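Hi,

Here's the structure I said I'd pass along.

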Amino acid sequence: MMTVGSGDDRGDFENRLKAARTKQGLDSEPVEQSAGGNGSSLMSVGLRAGVEMVAGLGVGAVIGWALDRWLHTSPVMLSLFVLMGGAAGVVNVWRMLTPKPKRMDV
Amino acid sequence: MAAAEPSIDALGQFKLDTALGALGASVNFTNSNFMMLVAGGLILALLYFGMRPKAIIPGRLQALAEIAYDGIYSMCHEQIGHEGRAYFPFIFTLFFFVMFGNLLGLLPFTFTYTSHIAVTFGLALIVIVVATVVALRIHGWKFFTYFFPEGAPKALAPIIIPVEVISYLSRPISLSIRLCANMVAGHVMFEVFASFIVMMAASSMLGHFGIVAAIGPMALNVILMGFELLVAFLQAYVFAILTCIYLHDAVHLH
């Protein structure tokens with residue numbers, strides 16, 4: 001028995017459409033973003049964090065060294081910028097590991 | 001008598017040499033440059049021959065080319081947003097240049113150009129310069145507010161601004177070191193285990209047992225090859241997605 005256009009049918013259609021869309025992957029469920037955002041293993045996340053910290057420290061040290069050479073303030077800038085660089089490294093790792101807020105502009 | 005004891009020369013494989021005989025030597029055309037040309041040629045060939053059938057139901061090669069195009073396109077769109085389409089050619093080129101460099105390096109008698117920090121740092125420098133230029137073009141002087149988050153207490157500016165600037169400048173360094181270190185580590189492990197095979201088989205102390213024992217490092221190298229194939233793809237993907245994230249920051253600030 002077919003009753004075209006009845007309320008029941010409409011609901012059934014919506015359900016079937018939803019099921020079909022899900023099956024085709026059109027209604028993508030929000031994917032849990034792992035740390036680092038690339039779904040990689042823990043080891044590579046650890047490696048990334050390490051590189052990130054060392055890079056921050058290295059850039060800080062180079063800037064401090066260059067400023068010292070320029071301003072002839074030998075240890076002052078280096079010691080200051082090594083601290084800043086370490087902080088920058090920690091900030092980098094922090095940004096890497098905290099989940100990004102949902103982007104509404106996509 | 002036996003030849004000199006086999007020893008492990010793990011870093012010899014990264015030595016630059018000239019390619020293409022005397023012509024290459026006269027213009028300093030290195031094996032690294034040669035592999036870059038090969039990679040570029042292969043990428044063009046994949047896209048050209050892959051898309052030539054223009055079939056509605058794609059064959060294998062066409063499917064590969066379409067997945068490659070579509071995958072990077074959606075990555076640009078998801079990570080950067082609507083404006084991301086403008087940077088699609090850039091990301092696509094970067095991803096495939098890095099991935100083919102990684103993959104070609106796994107073949108015997110080839111050279112892995114992505115194992116040199118000069119190459120990866122050059123790429124990372126291009127990325128960061130492009131991102132900065134994009135940010136400056138879109139936002140002008142407002143770009144510099146990027147280094148001081150809104151709502152932070154003014155008294156903290158002398159600390160926050162240098163930290164943010166260093167954090168920004170350390171991006172190309174971590175980007176390049178990550179790719180280079182991964183490639184070097186993988187190839188060094190290959191070399192070390194491969195040396196173990198020869199050393200065990202040739203060992204006079206182990207005798208015939210050495211040949212049986214050499215199966216161990218051999219099996220490890222087989223497993224390692226599978227792992228390195230994954231790393232080759234993953235590192236190219238990470239490089240591309242981080243480029244997208246930096247461009248997102250450049251386009252949207254924060």
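First thing I'd point you to is a salt bridge: the side chains of A:Glu52 and B:Arg178 come together at 3.4 Å, N to O. Keep in mind that this is a predicted model. Between chain B and chain A the count is 2 salt bridges, along with 5 residue pairs in polar contact, both partners at pLDDT 80 or more.

On the chain B side, α3 (60-80), α6 (157-202) and α8 (215-252) each bring at least two residues to the face that touches chain A. The largest share comes from α6(B), with 14 residues. Sorted by class, that face of chain B has 14 nonpolar, 9 polar and 3 charged residues.

As for the contact as a whole, 26 residues of chain B and 24 residues of chain A take part. Together the two chains bury about 2000 Å², with 67% of that on carbon and sulfur atoms. B:Arg178 turns up again here: with B:Val163 and B:Ile166 it supplies 26% of the area chain B buries against chain A, more than any other three residues.

A few words on chain A itself. It has 3 helices and 0 strands, running α-α-α from the N terminus on. Of its 106 residues, 21% are buried. Its accessible surface comes to about 8000 Å², and carbon and sulfur atoms account for 66% of that. If you look at contacts in chain A between residues at least 6 apart in sequence, 43% of them join residues at least 24 apart.

Cheers

Technical notes:
Residues are numbered from 1 along each chain as its sequence is written. Chains are lettered from A and ligands numbered from 1 in the order in which they are written. This is a predicted model: local features need pLDDT of at least 70, side-chain atom pairs count only at pLDDT 80 or more; totals for chains, interfaces and linings use all residues. Side-chain values use heavy atoms; hydrogens and water are left out. Contact means heavy atoms within 4.5 Å. Buried area is the accessible area (1.4 Å probe) that two parts lose on being put together, summed over both. A salt bridge is a side-chain nitrogen of Lys or Arg within 4 Å of a carboxyl oxygen of Asp or Glu. A polar contact is a pair of N or O atoms within 3.5 Å; within protein, one must be able to donate a hydrogen and the other to accept it, and residues adjacent in sequence count only if both atoms are side-chain atoms. Helices (H or I, at least four residues) and strands (E, at least two) are DSSP runs, numbered from the N terminus. Ala, Val, Leu, Ile, Met, Phe, Trp, Tyr, Cys and Pro count as nonpolar, Asp, Glu, Lys and Arg as charged, and the others, Gly among them, as polar. Buried means under 20% relative accessible area, exposed over 50%, partly exposed in between (1.4 Å probe, protein chains only). Accessible areas come from the Shrake-Rupley method with a 1.4 Å probe; for residues, only the protein chains shown count as cover.
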